[in-house]
There are 2 protein chains.
Amino acid sequence: MHTLDVITKKRDGGELSREEIEFFIRGYTEGSIPDYQASAWLMALFLQGMTDRETHDLTMAMAHSGDTLDLSDLTRSTEGGQKLLVVDKHSTGGVGDKVSLMLAPLVAACGVPMAKMTGRGLGFTGGTIDKLESIPGYRTDLSVEAFKAQVEDIGVVLTGQTADLAPADRKLYELRDVTATVESIPLIVSSIMSKKLASGADAIVLDVKVGNGAFMTTMEEAEALAHGLVRLGEQAGRQVVALISDMNQPLGWAVGNALEVREAISALHESGPRDFREHVLTVAAEMLQLSGRARDPNEALTLALDKLSSGAAWRTFRAMVEAQSGDVSAIDDPENLPQASLVEPVPAPRSGYLEGIDAAEVGLAVVDLGGGREEKGQPIDHSVGVVVHHKVGDLVQKGTPLFTVHANDEGRLEKARERVLAAHTFSDGPVQPLPLFYRRIVE
Amino acid sequence: MHTLDVITKKRDGGELSREEIEFFIRGYTEGSIPDYQASAWLMALFLQGMTDRETHDLTMAMAHSGDTLDLSDLTRSTEGGQKLLVVDKHSTGGVGDKVSLMLAPLVAACGVPMAKMTGRGLGFTGGTIDKLESIPGYRTDLSVEAFKAQVEDIGVVLTGQTADLAPADRKLYELRDVTATVESIPLIVSSIMSKKLASGADAIVLDVKVGNGAFMTTMEEAEALAHGLVRLGEQAGRQVVALISDMNQPLGWAVGNALEVREAISALHESGPRDFREHVLTVAAEMLQLSGRARDPNEALTLALDKLSSGAAWRTFRAMVEAQSGDVSAIDDPENLPQASLVEPVPAPRSGYLEGIDAAEVGLAVVDLGGGREEKGQPIDHSVGVVVHHKVGDLVQKGTPLFTVHANDEGRLEKARERVLAAHTFSDGPVQPLPLFYRRIVE
């Protein structure tokens with residue numbers, strides 16, 4: 001088989017065989033196919049598209065390009081003789097998306113093991129690993145052995161990618177990023193699913209964000225992505241539920257690493273923003289059903305609410321932080337989390353109904369403050385961020401706090417204030433609040 | 001301006017501005033744009049196409065990416081007070097295409113300076129430089145100064161590319177070769193024309209080959225290419241004539257470097273194959289008219305025939321070989337050119353009308369013999385080759401010589417014999433001879 005023939009076939013609109021896709025992925029992973037051939041192939045895939053069969057074969061080839069985790073022997077997945085499925089969750093990324101911080105301990109407290117590897121932030125979206133690292137001492141570089149032992153022990157782990165999972169996807173993703181071949185549904189879904197399959201998930205809840213703070217800005221794009229993910233999961237023999245959720249304003253109030261950890265801790269104590277709490281409970285209920293832990297939505301929600309109000313979810317979070325060497329005094333009293341030196345509430349410039357908050361602009365303001373990164377590998381400041389005080393639809397009174405900027409530099413504070421102020425728009429008449437979820441898509 | 005934006009714009013079917021094209025070509029030539037971004041861009045150009053305006057801008061950007069030759073001050077271009085145009089010729093490549101060897105001295109003998117840089121062979125097509133190097137001592141690496149001085153002195157030079165002309169084209173061509181982005185009309189025409197413009201041509205005759213021994217195998221493709229070249233020349237303010245010529249059998253009889261030089265020498269002495277002689281005279285007549293040396297086809301042909309029969313063309317060839325340090329004893333008596341140790345005439349396996357000769361197969365048989373190269377930089381054996389004894393339409397008698405193989409190795413000879421035999425097909429009924437030219441295209 002020849003690399004050029006595979007590129008030519010796709011260039012001319014042909015359907016690649018499984019063997020051709022595996023040949024290309026293997027060659028690119030090993031390095032025998034150079035970047036410049038892979039990028040020509042990616043552009044041909046982008047423009048000529050891929051059938052569901054090709055997308056599935058690409059996903060499986062990438063999923064098997066490196067190590068794969070087998071979590072099926074986790075003793076904790078057996079509950080009363082019943083084998084629970086290993087369930088995972090993936091978000092397509094948004095602003096203020098701190099869901100995993102609360103979701104993982106909550107679901108684990110319900111008896112479903114959560115062995116989750118997660119990532120860092122880039123651009124206007126944050127990353128769970130960055131957020132966790134604002135807890136002093138918290139380790140995100142566990143070995144595969146430590147990872148598995150911790151799930152066995154306390155039922156939950158939230159860490160960075162430890163094993164060399166789906167290296168083909170990582171390599172291709174980096175190449176797509178610099179060759180204008182990111183925004184392709186088949187390439188996006190195969191990238192997401194290959195990692196989830198390599199990390200041993202039997203069932204997956206996909207949180208597909210749509211809106212001004214998401215990669216998919218239109219419902220049409222989000223639906224195409226959600227359907228693609230669900231079909232692909234089906235083909236791979238996995239149970240998949242996709243939820244299309246709103247990202248036309250930040251999720252919750254806090255945007256910024258330590259600020260989001262603090263908000264998650266509040267929510268675990270049944271305080272904090274209502275939208276964030278409801279979002280987490282909805283996703284948790286889906287996961288409890290997929291795993292086999294709950295039979296129906298009612299049972300799932302009842303169980304989750306119970307573990308939240310009893311403090312079990314909070315205790316599981318605390319045990320996880322402790323197991324991963326985090327300083328529990330910083331979560332027992334969040335005043336001990338990193339704090340910015342300058343905290344400035346910004347008053348509403350007018351009275352009116354809040355019409356919109358451009359979430360991407362809020363995310364970028366936090367990047368400007370030093371709380372995110374424009375390029376991979378940049379260090380970040382965990383203490384900075386923005387806390388919004390209103391959600392779309394709220395009636396806001398002029399002069400009352402609209403949002404608060406947490407900064408460590410006067411100039412940056414000024415810049416963030418202007419940017420976030422401009423991101424808020426007002427209306428004289430009533431504005432409909434935004435829903436949390438738009439669609440639930442299953443095969 | 002950002003590289004990613006330019007790739008994205010073309011990916012989405014947009015028309016690139018001149019500034020965007022120049023930005024990309026400059027960046028790629030300098031190395032600030034890496035191969036993997038250029039190949040994604042090339043695939044997008046391939047699949048989304050280019051407007052005539054974009055093709056023109058790409059051509060000009062590549063033409064000006066390195067040195068450019070100015071031949072306008074050649075004193076010999078002034079003939080009786082009239083300034084002749086600098087005229088060049090380009091062939092899209094074929095099998096047995098030794099046209100430049102005879103054309104350049106013939107046109108020069110008619111008083112039109114021929115300062116021609118030419119290339120090496122790759123794959124089934126030969127290259128003029130390789131052919132000339134079968135003359136012992138012949139230098140193809142003249143400096144720009146020596147190149148210009150020789151045209152001033154004797155009116156003709158045939159050498160390899162000396163100045164660093166159109167380096168962007170060279171770099172992009174190598175990348176296209178390994179990324180399945182070769183067969184694009186806008187990319188092909190801009191590649192051809194950028195080199196011709198950089199080398200200072202005012203007027204160009206394009207010999208567009210069509211058939212089983214050419215890159216364009218259908219008339220439709222050849223016409224699209226010819227029209228693209230003519231339109232592009234027009235836009236660049238150059239006079240361009242495209243001739244679509246037949247390449248469904250080798251041109252002339254000889255295929256192989258020294259064998260082709262020998263055939264060109266025969267033709268300069270008014271001997272040799274009729275098709276080759278007529279092909280050269282037709283192209284020469286076009287060039288004499290384009291340069292301003294002849295007013296009409298009749299005057300042009302009369303002049304060329306006169307210079308051929310008077311021996312002036314041959315003497316010009318001989319002067320060129322001498323000026324470029326070639327051993328004139330090897331052209332005065334071609335027995336002194338490199339000769340293969342094994343010369344085997346192969347008899348016709350049957351009687352009948354010759355229906356076809358697959359020219360690409362003949363070319364590849366010569367590569368197998370060592371007379372061509374599969375990869376750049378390979379050394380070649382100048383002495384080997386194949387001489388066909390019949391043209392399509394000939395009535396062939398069983399047992400008489402069909403072709404002759406010149407080889408230096410028994411095994412290779414055997415392989416070439418079988419391959420060339422299989423390339424000949426016969427018919428019981430009469431077969432129409434093939435024309436030399438199909439179309440003449442001017443704006």
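## A loop glycine

A:G372 lies in a loop of chain A, between α16 (359–369) and β11 (385–388). The model described here is predicted. The C-alpha atom of A:G372 is 9.4 Å from that of A:R120, although 252 residues separate the two along the chain.

When neighbours within four places in sequence are set aside, the contacts of A:G372 are with A:V366, A:V367, A:Q378 and A:I380.

## Relation of the two chains

## The interface

The contact between the chains involves 21 residues of chain B and 21 residues of chain A. Of the interface residues of chain B, 100% are also interface residues in chain A, so the copies meet through the same surface.

The size of an interface is often expressed as the accessible area lost when the parts come together. Here chain B and chain A bury about 1,700 Å² between them, and 71% of this area is on carbon and sulfur atoms. On the chain B side, the residues that lose the most area to chain A are B:R11, B:Y36 and B:L47, which together account for 35% of what that side buries.

## Salt bridges

Over all chains, the count of salt bridges comes to 72. Across the interface of chain B and chain A, 2 salt bridges are found. B:R11 forms a salt bridge with A:E183, with the closest N and O atoms 3.0 Å apart. B:R11 is likewise among the residues of chain B that lose the most area to chain A.

Within chain A, A:E223 forms a salt bridge with A:R439, and the closest N and O atoms of this pair are 2.5 Å apart. The pair joins distant parts of the chain: A:E223 belongs to helix α10 (residues 219–235) and A:R439 to strand β15 (residues 437–441), 216 residues apart.

## A pair of helices in chain A

Two packed helices are described by the angle and the distance between their axes. For helix α5 (residues 99–109) and helix α13 (residues 297–309) of chain A, the axes come within 9 Å and cross at roughly 105 degrees. This angle makes α5(A) roughly perpendicular to α13(A).

On the α5(A) side, the contact is made by A:M102, A:L106 and A:A109; on the α13(A) side, by A:A304, A:K307 and A:L308. The residues of this contact comprise 5 nonpolar, no polar and 1 charged.

Technical notes:
Residues numbered from 1 in each chain as written. Chains lettered and ligands numbered in written order. Predicted model: local features only at pLDDT ≥ 70, side-chain atom pairs only at ≥ 80, totals over all residues. Heavy atoms only, no water. Contact = heavy atoms within 4.5 Å. Axes fitted to C-alpha atoms, helices over the stretch in contact; angles between N-to-C directions. Helix = DSSP H or I, 4+ residues; strand = E, 2+ residues; numbered from the N terminus. Parallel < 35°, antiparallel > 145°, perpendicular 65-115°, else oblique. Nonpolar A, V, L, I, M, F, W, Y, C, P; charged D, E, K, R; others polar. Buried area = accessible area lost by both parts, 1.4 Å probe. Salt bridge = Lys/Arg side-chain N within 4 Å of Asp/Glu carboxyl O.
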